[in-house]
Amino acid sequence: MNTLYPIFLKLDQLELLIVGGGAVGHEKLSAVLKNSPEAKVNLVAPEIRKEVEELATDYPTVKLHYREFQWEDLNGKHLVILATDKRELHEEIKKVTAEKHLLTNVADTPDLCDFYLSSVVQKGDLKIGISTNGKSPTLAKRIREYLEEALPDEVQELMDNLQVFRSKLKDDFAHKVKALNDLTKKVF
Ligand SMILES: C[C@@]1(CC(=O)O)c2cc3[nH]c(cc4nc(cc5[nH]c(cc(n2)[C@H]1CCC(=O)O)[C@@](C)(CC(=O)O)[C@@H]5CCC(=O)O)C(CC(=O)O)=C4CCC(=O)O)c(CCC(=O)O)c3CC(=O)O
Ligand SMILES: NC(=O)C1=CN([C@@H]2O[C@H](COP(=O)(O)OP(=O)(O)OC[C@H]3O[C@@H](n4cnc5c(N)ncnc54)[C@H](O)[C@@H]3O)[C@@H](O)[C@H]2O)C=CC1
């Protein structure tokens, strides 16, 4: 069963902790910053890859901490991504984040995840998140590439025009919905 519910987070308003600065830590940090360049991120790991260090230099809201995870790292966080090579450590941390109601992604263990990262298609203001329910991240990536090609760049102009039209609609809610539905009926 596919019961995942997608949402779009404003990471510049949330505190994110990433534990682990290896290949996977780098992949997750890159994904976060590509979408949310002002994301507030603290990344903790005794060994942090050069790619992570280089990436972090371009983003002043990213802070690197060269040491092992400690429980205080969870203080004040909204989201946690666990990306070390230590599965038992992930299990131990997940128990505590669950008690603290902290949303947690455990990169190597889908069963322990409260949320998955998605493949992301972006055309200006349009953003589409893709998940395969954890079955095949590679297929999610391929579908992203397909949609990136397939969606016309004019979609930005369309959104801009619709925003202007929408802001000018003074009618009551039902009339507004009808006017917008009528206007966009033949878009695709
Ligand atoms: C469950 C989930 C949890 C999470 O990480 O959030 C998860 C889990 C795992 N990924 C693994 C491996 C790979 N992950 C990728 C790539 C991506 N993985 C992403 C998301 C997710 N990965 C979540 C589910 C999303 C969904 O529902 O579809 C993407 C979409 C988003 C992102 O990470 O930014 C990003 C593509 C971004 C893009 O390009 O569009 C590639 C391919 C590549 O890099 O080319 C490989 C290698 C090939 C392979 O193994 O399939 C492994 C095995 C580890 C091992 O074997 O050691 C696990 C663990 C397991 O499945 O048990
Ligand atoms: N979800 C996904 O997309 C994928 C998940 N994985 C899985 O993710 C895991 C991590 O893989 P890699 O990043 O390649 O490993 P890696 O060996 O490159 O990096 C491990 C990182 O964890 C850090 N670390 C170790 N102990 C720590 C501690 N106590 N506190 C804080 N940091 C600590 C290390 O310093 C290092 O930065 C593996 O189990 C792998 O199977 C692998 C590929 C993709």
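Valine 106 in strand E5 is the bridge partner of leucine 82. The model is a predicted one, in which local features need pLDDT of at least 70, side-chain atom pairs count only at pLDDT 80 or more, and totals for chains, interfaces and linings use all residues. Residues are numbered from 1 along each chain as its sequence is written, while chains are lettered from A and ligands numbered from 1 in the order in which they are written.

Helices (H or I, at least four residues) and strands (E, at least two) are DSSP runs, numbered from the N terminus. An open sheet of 5 strands has the order E3-E2-E1-E4-E5, with parallel pairing; two strands are taken to pair if DSSP finds at least two bridges between them. Strand E3 (62–65) and strand E5 (103–106) are the edge strands, each with a single partner, so one side of each lacks a neighbour in the sheet. From one strand to the next, the twist averages 15 degrees.

Strand E4 is joined to E5 by 4 bridges, and the two run parallel. Leucine 79 lies opposite leucine 103 in E5. The pairing of E4 with E1 is likewise parallel and comprises 4 bridges, with isoleucine 81 of E4 as the bridge partner of isoleucine 18. In a regular strand, side chains alternate between the two faces of the sheet. Both faces of E4 are covered, Leu79 and Ile81 being buried on one side and Val80 and Leu82 on the other. A residue is buried if 20 or more other C-beta atoms lie within 10 Å of its own, exposed if 12 or fewer, and partly exposed in between, with C-beta atoms placed from the backbone.

Helix H3 (residues 87–99) lies across E1, E4 and E5 and runs at about 165 degrees to E5. Axes are lines fitted to C-alpha atoms, for helices over the stretch in contact, and angles run from 0 to 180 degrees between N-to-C directions. Contact requires C-beta atoms, placed from the backbone, within 7 Å. Not counting residues up to four places away in sequence, leucine 82 touches Val19, Gly20, His90, Ile93, Thr104, Asn105, Val106 and Ala107.

The largest nonpolar core has 23 residues, of which Leu16, Ile18, Val19, Val41, Leu43 and Leu82 touch the most other members. At least two residues of this core come from each of strand E1 (15–19), helix H1 (23–35), strand E2 (40–44) and strand E4 (79–82). Such a core is a set of buried Ala, Val, Leu, Ile, Met, Phe, Trp, Tyr and Cys residues joined through C-beta atoms within 7 Å.

Ligand 1 is surrounded by 22 residues, the closest being Ala31, Ser119, Ser131, Thr132 and Pro137; a residue is near a molecule if its C-beta atom, placed from the backbone, lies within 6 Å of it. H1 and helix H4 (137–150) are the elements that give two or more residues to this shell, and H4 supplies the largest share, 5 residues. Around ligand 2 there are 22 residues, with Gly22, Ala23, Val24, Ala45 and Thr84 nearest. H1 contributes the most to the shell around ligand 2, with 4 residues.

Asparagine 161 is found in helix H5 (residues 155–168). This asparagine is exposed, with 11 other C-beta atoms within 10 Å.

Terms used
Contact = placed C-beta atoms within 7 Å.
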